[in-house]
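Good morning. Please have a look at the structure on the screen, and I will talk you through a few parts of it.

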Amino acid sequence: MASVMEDPTLERHFKGHKDVVSCADFSPNNKQLATGSCDKNLMIWNLTPKARAFRFVGHTDIITGVHFSPSGSLVASSSRDQTVRLWTPSIKGESTVFKAHTASVRSVQFSSDGQRLVTASDDKSVKVWGVERKKFLYSLNRHTNWVRCARFSPDGRLVASCGDDRTVRLWDTSSRQCINIFTDYEGSATFVDFNSSGTCIASSGADNTLKIWDIRTNKLIQHYRVHSAGVNCFSFHPSGNYLISGSSDSTMKILDLLEGRLIYTLHGHKGPVLAVAFSRDGGLFASGGADSQVLMWKTNFDSLNYRDLLSRHSKRVTPDPPPHLMDIYPRSPHRHNAQNGTVEINPIVADTQSGDPQVVEVGRVIFSTADVRSHDRATSGREQPISGPGRTHMRHREEEDEDQEERFAGSMTASREERSGIPSSITSTLENIVQQLDILTQTVAVLEERLTLTEDKLRTCLDNQVLLLQQTQQVDGSEEEAEGPSV
């Protein structure tokens, strides 16, 4: 068992979200952490102690996904408002709105070259977008129910997606065709991702399971059931040797994929854990949940293991390729249950509802109905700093700079209408309409599935009738041939 110094430790917690934290991602330089929430706000936390955090306002509904571009110059966010936004992670708060989905967008991710985005939606489609030209490219349509997650492979040639139709699908981005389907789920498939080498995909399910598939052999190579409730999310360690998962059972589990066992159970959240993410170097990981908390942990356990392992692999003189997930023991599909000897970590987390660190709101300025005339000017100066002594002069100066930059923002800035406030009565009415539409969408999906089954049965019946007719014609023909000579 690992020593205490090698166990994960709670490094820091961030206060600022006012509702469920639904997604998280580290910047490539590991200096920032982006999180999205049901409070409709995107937060970017600077990991330097006492640095300000930024709250990006613009989405009109729950934020469901967030991802930094490979260069770190952009942040993409998806939302239940049916849009995807590209943000500049700075005080300017500029964003570009992408809209082509007709229902909630569940996830968003950049390709490894930063040129494309992939999104998954409740409209049962996966869509790919061009980042540079800021336009929709194409759809991948084969799912028969809501699509919860979509991810590019490391080389960008494949896309993996999963959804409420209980399938995980693999797509070729060149032909835009579905090339494989993985099933065997008792409930919705909630999350999917590739390992760092791109040879395997992992998927989680509402049936409490985590599964790892080798996409070269199309075989299930690991099957974990270590949570007592649905698994909402997971993240591969950059080494590919570990995986962390978050669940509705309020815990996070860390799996050693080389040994095929559970090594840590982490507590700290009160309620479901909805977001987990390793940093790009693997030294940190973050978690978010229904308790509005954002926790940042120091990994520790990987500092000795995987680097030594990789160095040994690099010294191999055999012609075999470096080991991958197929090298883990045992190789045959099986379930890994929680075992005795795993380490339980239960840190004490202080109150996370107060405003620390300082939060600067960008993207929109909250204004009263009596201040409508000044709204246009206020929205052009996107910084809304928190109150405090010595900040007034800085605020006026920054607003003047923002006024000059507004003329050059163009399409990079969200429209004023999208930033305007919506009365609560209209909001509640719209939410009711959305709920009814969700029910209708689900009903239509069920009807489509039944129609597909009916079509399949009719096709089978027609094929059988054609076969019977052919057999009857053959029998009649043979009888006529047999009767001919006798006459």
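Start with Ser 203, which sits in strand S19, residues 200-205. This is a predicted model, so please keep that in mind throughout. Is Ser 203 buried or exposed? Its relative accessibility is 0%, and buried means under 20%, so Ser 203 counts as buried.

What does Ser 203 touch? Leaving out residues up to four places away in sequence, the list is Val 168, Tyr 185, Phe 191, Val 192, Thr 209, Leu 210, Lys 211, Trp 213 and Phe 234. With Trp 213 there is also a polar contact between the side chains, at 3.4 Å.

Strand S18 covers residues 189-194. S18 and S19 run antiparallel and are joined by five bridges. Within this pairing, Phe 191 stands opposite Ser 204 of S19. The two strands form a hairpin, with five residues between them. In the turn, Gly 198 has a positive phi of about 80°.

How many of the six residues of S18 are buried? Six of the six are, so the strand is largely enclosed by the rest of the structure.

Now to a sheet. The one I want to show is an open sheet of five strands, in the order S2-S3-S4-S5-S31, and its pairing is mixed. Which strands stand at the edges? They are S2, residues 21-26, and S31, residues 359-362. Each has a single partner strand, so one side of each is left without a neighbour in the sheet. From one strand to the next, the twist averages 20°.

The partner of S31 is S5, residues 53-56; these two pair in the parallel sense, over four bridges. For example, Ala 53 has Val 359 in S31 as its bridge partner.

Last, the protein chain as a whole. Its secondary structure comes to five helices and 31 strands. Of its 487 residues, 51% are buried. Among contacts with a separation of 6 or more, 51% are between residues 24 or more positions apart. The accessible surface is about 23,900 Å², and carbon and sulfur atoms account for 51% of that.

That is the end of my part.

Note on methods. Residues are numbered from 1 along each chain as its sequence is written. This is a predicted model: local features need pLDDT of at least 70, side-chain atom pairs count only at pLDDT 80 or more; totals for chains, interfaces and linings use all residues. Side-chain values use heavy atoms; hydrogens and water are left out. Two strands pair if DSSP finds at least two bridges between them. Axes are lines fitted to C-alpha atoms, for helices over the stretch in contact, and angles run from 0 to 180 degrees between N-to-C directions. Buried means under 20% relative accessible area, exposed over 50%, partly exposed in between (1.4 Å probe, protein chains only). A polar contact is a pair of N or O atoms within 3.5 Å; within protein, one must be able to donate a hydrogen and the other to accept it, and residues adjacent in sequence count only if both atoms are side-chain atoms. Contact means heavy atoms within 4.5 Å. Accessible areas come from the Shrake-Rupley method with a 1.4 Å probe; for residues, only the protein chains shown count as cover.
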